[in-house]
Amino acid sequence: MAARGVTGSGSAVAWIESLSPWPEDGFGLERMHDLLERLGHPERAFPAIHVVGTNGKSTATRTIAALLRADGLRAGAYTSPHVSGWAERLDTDSATFEQALERVRPQAEAARATQFEALTAAALAQFAADEVDVAIVEAGLGGRLDATNVLDAKVVLLTNVGLEHTDVLGATREQIAREKLAVAKPGAVVVLGEPEWADLVPANRIVEGGAREAAAAFLGRPVEREVAISLPGRLERRGREIRDGAHNPEAVEWLLERLPDRDYVLCVSILGDKDVDGMLARLVRAGRTLVATSSSNPRSLPAPELARRAQKHFAQVEERSDPAEALARAHELAGPDGNLLVTGSLYLLADLTQSV
């Protein structure tokens, strides 16, 4: 399900929000290939870097783009989901995003594309229109059957592998890694954040590392520059609040290592298909008070159920089904000098951004 963001007044945004986020007939690339054929294959107009993995994909994508821009290249970046609004996915403004959607809308309707397929096609067509030197594209779910697996990427970055979407990707980390690395075509350089997966791509040149190494692999030389990027909902500071869309146990561990303090009041929503108990067992290390809520995503665990499951971990648990009311209650519980942590799902953060 795509996160709901700030809806513009134009019909293009209303159209993309009306599309189904999930394929009704199962995952596959047939519709995407059909759509790109109708569009004249914009994905062939530029070289690409493909970013796959469980956590940190959006940050890695934007970091690679920033590094390559600092080196003088025109770099496009495509990420998902969004927090601040739909245009965030294309790293652009709302007017350009509307134009990107309108460019592909007739063909996407003819191909009966899903929401993510239409968004991906819009991004690729926009990059072609912009005559970018390189596009850095984040995969949505997995890799092999993901709509982004239409690129002949020069570089593939696998950030890390955790257990999620096991009903689609497989029950083990190795199965999931294999699905994600299926995007690596012959000749691609594969950059691994976790070197244990090297045996899965024996025909590719392997580099260990992350965003910087991926940028260097594309350039064919080391990257000397330093860049700083920020993304909404990724360790985002808003006064007394820290907002981070940690959505699985590994992401929570990453967050906990970077929190400047403890004793937060937590405002939390978690999707029901995640490792809810594993996340709660870790989140209690950030604070003993939790306000449970539910995002607008249909897969979100209902607030009463999340509160019930949180009670065995937290000293104080309350529930508010509405995210804005939950955040307001968390502020009350924290008091004028307390700290708040808003986490568990990027969809929660998108809802709170939209409600402002």
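## A tour by selection

Start by selecting Arg-234 and Glu-88, whose side chains meet in a salt bridge (3.4 Å, N to O); a salt bridge here is a side-chain nitrogen of Lys or Arg within 4 Å of a carboxyl oxygen of Asp or Glu. The pair links distant parts of the chain, 146 residues apart: Arg-234 is in the loop between helix H8 (211–219) and strand S7 (236–238), and Glu-88 is in the loop between strand S2 (75–78) and helix H4 (94–110). Helices (H or I, at least four residues) and strands (E, at least two) are DSSP runs, numbered from the N terminus. Both Arg-234 and Glu-88 are buried, where buried means under 20% relative accessible area, exposed over 50%, and partly exposed in between (1.4 Å probe, protein chains only).

The model is predicted, so local features need pLDDT of at least 70 and side-chain atom pairs count only at pLDDT 80 or more, while totals for chains, interfaces and linings use all residues. Residues are numbered from 1 along each chain as its sequence is written, and side-chain values use heavy atoms, with hydrogens and water left out.

Next, select Asp-34 and Arg-38. Their side chains form a salt bridge at 3.1 Å, N to O. The two residues are separated by about one helical turn, because they lie four residues apart in helix H2 (residues 30–38). Asp-34 is partly exposed at 30% relative accessibility, and Arg-38 is partly exposed at 42%.

Move to Arg-320 and Glu-318, another salt bridge, at 3.6 Å from N to O. Arg-320 is partly exposed, with 29% relative accessibility, whereas Glu-318 is buried at 17%.

Now show helices H4 and H5. They pack at an angle of about 115 degrees, with their axes 8 Å apart. That makes H4 roughly perpendicular to H5, since angles of 65 to 115 degrees count as roughly perpendicular, under 35 as roughly parallel, over 145 as roughly antiparallel and the rest as oblique. Axes are lines fitted to C-alpha atoms, for helices over the stretch in contact, and angles run from 0 to 180 degrees between N-to-C directions. The crossing of H4 and H5 is right-handed, that is, the near helix is turned clockwise from the far one by less than a right angle. Contact means heavy atoms within 4.5 Å.

Stay in H5 (residues 115–130) and select Glu-117. Is Glu-117 buried or exposed? At 5% relative accessibility, Glu-117 counts as buried. Its side chain reaches the backbone nitrogen of Thr-114 at 2.8 Å. Leaving out residues up to four places away in sequence, Glu-117 touches Gly-28, Arg-31, Met-32, Leu-35 and Ala-147.

Finish at Leu-259, in the loop between helix H9 (249–258) and strand S9 (264–268). Leu-259 is buried, with a relative accessible area of 8%. Which residues does Leu-259 contact, leaving aside its neighbours within four places in sequence? They are Ile-242, Tyr-264, Ala-286 and Leu-341. Ala-286 is 27 residues from Leu-259 along the chain, and their C-alpha atoms are separated by 8.1 Å.

Methods
Polar contact = N/O pair within 3.5 Å; in protein donor to acceptor, adjacent residues only side chain to side chain.
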